[in-house]
Amino acid sequence: MPERESFVEEQFEDAPQQMEASELGMWTFLATEVLFFGGFFASYAIYRHFYSADFALGVRHTLLFFGTINSVLLLTSGLTMALAVQAADENRKKVIVPLLLVTIFLGLAFLVSKGFEYAADLSDKVLPVYNFDPSLPAHTELFFWFYWGMTALHAIHLLVGIGLLSVMTVMAWRGKFSAKYYNPLEIVGLYWAFVDIVWIFLYPLLYLIGRY
Amino acid sequence: MTPKTQFILVWLALIALLFVMFGLAHFYGHIIGTTVILLLAGVQMLLVLTFFMRLQHSSAIVRLSAAAGFVWLSFLFILAFSDYLMRQWH
């Protein structure tokens, strides 16, 4: 019997089987996340169908500049994350930490930009209930419930992602990853790309459609 | 093509699509503009799923579990809208 490598847990036959189990588990979790955000997207779609004019007015009150910059930041962080996982797969250990640090930086830049955007939103009086411009229609206020709810939920996910990436950076720094074993990095990469996908749909729904 | 080159090309495509969507939103309103913009967002999603999430190299079982969430989400949309769009409102 060949000797088992130390990172293969006892319930698995070998490293590839363990890797596939990690991926399968992560995708199953991501399916629950798709449905979690999906509820928000479905109710947004239903209300947008009924109150399209008021929702379009809401879109014209969101800040396109911040939204677009944030899209570029997040799509680019998706690239650096994918490159980090690929580097581990090819055993190019030295570039993993720098790529992860750039990914973290881009994620933080997104949050900082989002913070400035929220501050500008507050002075534009588009925070429902507490500080909402009374001249805007009631269903535009409903749009802004979705705007704050969906972007805040997304930002929380991004914050969790930055936390996970920090742990991955420390593990990579300590030389825990190699071409044979980088399962944690792989599944954190999947999570990060998922957060990217949520934003890919938030951007057109909250910033673009209805602007014309 | 090395995976690295492939990832960079995918990123360029994502950014290009972003600016096409940005442009479309300023010139086309209503149903056609909306449909095209959402389709382009769908293309962006497929690029991320296929390349950044490496489904191109995944086994069939992993691809199936990746599709599962989206299949159930489509049920949510189809059933919700088959109700809301068919109801007689007074």
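Predicted model: local features only at pLDDT ≥ 70, side-chain atom pairs only at ≥ 80, totals over all residues.
Helix H2(B) covers residues 30-52 of chain B. At 1.5 Å a residue, its 23 residues should span 33 Å, and the end C-alpha atoms lie 32 Å apart, so the two values agree. Buried positions in H2(B) include B:Gly33, B:Ile37, B:Leu40, B:Met45, B:Phe51 and B:Phe52. The buried residues of this helix pack against elements of both chains: H1 (3-27) and H3 (60-84) of chain B, together with H1 (15-50), H3 (64-89) and H6 (183-208) of chain A.

H2(B) is followed by B:Arg54, which has a positive phi, near 60 degrees. The side chain of B:Arg54 also forms a salt bridge with that of A:Asp89, at 3.9 Å from N to O. The interface of chain A and chain B holds 2 salt bridges by the rule applied.

Interface values are gathered below.

| Item | Value |
|---|---|
| Area buried between chain A and chain B | about 4000 Å² |
| Share of that area on carbon and sulfur atoms | 81% |
| Residues from chain A in the contact | 46 residues |
| Residues from chain B in the contact | 46 residues |
| Polar contacts between chain A and chain B | 5 residue pairs |

On the side of chain A that touches chain B, H1, H3 and H6 of chain A each supply at least two residues. H1(A) gives the largest share, 16 residues. By type, the residues of this side are 31 nonpolar, 8 polar and 7 charged.

Notes:
Residues numbered from 1 in each chain as written. Chains lettered and ligands numbered in written order. Heavy atoms only, no water. Helix = DSSP H or I, 4+ residues; strand = E, 2+ residues; numbered from the N terminus. Expected span 1.5 Å × (residues − 1). Buried < 20%, exposed > 50% of the residue type's maximum accessible area, 1.4 Å probe, protein only. Contact = heavy atoms within 4.5 Å. Buried area = accessible area lost by both parts, 1.4 Å probe. Salt bridge = Lys/Arg side-chain N within 4 Å of Asp/Glu carboxyl O. Polar contact = N/O pair within 3.5 Å; in protein donor to acceptor, adjacent residues only side chain to side chain. Nonpolar A, V, L, I, M, F, W, Y, C, P; charged D, E, K, R; others polar.
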